[in-house]
Amino acid sequence: MADSPKEPNISENPLTKNSILGGYFGRLTTIIEAETDSKQAAVWFCQQLGSTSGIGILGVISEMERLCGEIESVLNEFRGRDLGLVKVLTVEHLAVSMKLYVISWGTLGDLLAYLINAVFNLGIADKDVKVQLVLNNSHVQSSQIPQIIRAYKKSSVVKNLQKKRNDLVHRGKIPDADIEQILWERNTIDSRRNSLLQFDPISEEEYRKQSSLLQEKLSVLAREKQDLWRAHHQQTTAMLSVIGGELALKTFESYRKQAT
């Protein structure tokens, strides 16, 4: 019985320092340079880039690159809005920033499914393209892409992200229990000071003291969450870079079939 394929370690690949664009073109460059007639291979690839399918593939890759850049901007917002001399941080700001990250991550997955569909020429209509549907395709299953994604999910520093995304989109839930706790504490302090239902409200001085302590706690939490989710984004771009290399390999299969 043949050994089962080894699941790739995405941290071992030098392309993981780049993006899906870097992974795609980096792998293609290596492949083309290794060909006996590298000039002919390069000419063929340039022709492919100018074709309708090639332009479509580059369009999706460009959208993914743009979205990754937007996610970087969202991550910068985790610790508050920069107003020049100061940063203004509220628990709502941190919650909204994290929500934007999770939604953008989901969109990135959708774009990856479109890209795989295009490169493998699966013929699935755009309206029907889903990540799992694409990954279950027999042609995609014969590649390393499913294993790469499994390795990514297994090593992810943020767990159950798909569930967090679904809870956010369909139920409006904040995708982090720690932020939910801070929000509850802030609302409790506000209620103890301002609610007409409080028979024994706290003093203004105590209110300011508790609010200040909570703000310090929020600042620490925002820094921790920024570090965590930035690490997750780095894992994501690393995974996309390796998949970009696999898609480049698939792209070049047509040339090799034509050359033989």
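Colleague: Is L100 buried, partly exposed or exposed in this structure?

Modeller: A residue counts as buried under 20% relative accessible area and as exposed over 50%, with partly exposed in between. In this predicted model, L100 has a relative accessible area of 45% and is therefore partly exposed. L100 belongs to helix α4. The C-alpha atom of L100 lies 9.3 Å from that of L75, a residue 25 positions away along the chain.

Colleague: Which residues is H232 in contact with, apart from its neighbours within four places in sequence?

Modeller: With those neighbours set aside, H232 is in contact with Y101, W105, Y152, S156, V157, V158 and L161. The side chains of H232 and Y101 are also joined by a polar contact of 2.7 Å.

Colleague: Which residues line the largest cavity?

Modeller: The lining consists of G109, L112, A113, I116, V131, V134, L135 and I149. Helices α4 (91–119) and α5 (131–135) each supply at least two of the lining residues, and α4 gives the most, with four. By class, seven of the lining residues are nonpolar, one is polar and none is charged.

Colleague: How much space lies in the largest pocket, and which residues lie nearest its centre?

Modeller: A pocket is an open set of points, whereas the probe cannot get out of a cavity. About 640 Å³ of space lies in the largest pocket. Its lining comprises 27 residues, and W105, G109, V131, K153 and Q162 lie nearest the centre. Two or more lining residues come from each of α4, α5, α7 (145–155), α8 (161–171) and α10. The greatest contribution is that of α4, with eight residues. The lining divides into 14 nonpolar, eight polar and five charged residues.

Colleague: Which elements each supply at least two residues of the lining of the second largest pocket?

Modeller: They are α2 (38–50), α3 (52–76), α4 and α10. Here α10 gives the most, with five residues. The second largest pocket holds about 300 Å³ of space and is lined by 19 residues, of which Q48, I57, V119, T251 and S254 lie nearest its centre. The classes are nine nonpolar, seven polar and three charged residues.

Colleague: Turning to the whole chain, what is its radius of gyration, and what would a compact globule of 260 residues have?

Modeller: The chain has a radius of gyration of 24 Å, whereas a compact globule of 260 residues would have one near 18 Å. The C-alpha trace spans about 85 × 45 × 35 Å along its principal axes. Of the 260 residues, 39% count as buried.

Colleague: How many helices and strands does the chain have?

Modeller: There are ten helices and two strands, in the order α-α-α-β-β-α-α-α-α-α-α-α from the N terminus on. Among contacts with a separation of 6 or more, 71% join residues 24 or more positions apart.

Methods
Residues numbered from 1 in each chain as written. Predicted model: local features only at pLDDT ≥ 70, side-chain atom pairs only at ≥ 80, totals over all residues. Heavy atoms only, no water. 1 Å grid on protein atoms, 1.4 Å probe; cavity = no way out; pocket = protein on both sides within 12 Å on 5 of 7 lines; lining within 4 Å. Nonpolar A, V, L, I, M, F, W, Y, C, P; charged D, E, K, R; others polar. Polar contact = N/O pair within 3.5 Å; in protein donor to acceptor, adjacent residues only side chain to side chain. Contact = heavy atoms within 4.5 Å. Rg over C-alpha atoms; globule rule 2.2 N^0.38 Å. Buried < 20%, exposed > 50% of the residue type's maximum accessible area, 1.4 Å probe, protein only. Points joined across faces, edges and corners; volume = space filled by probe spheres on them.
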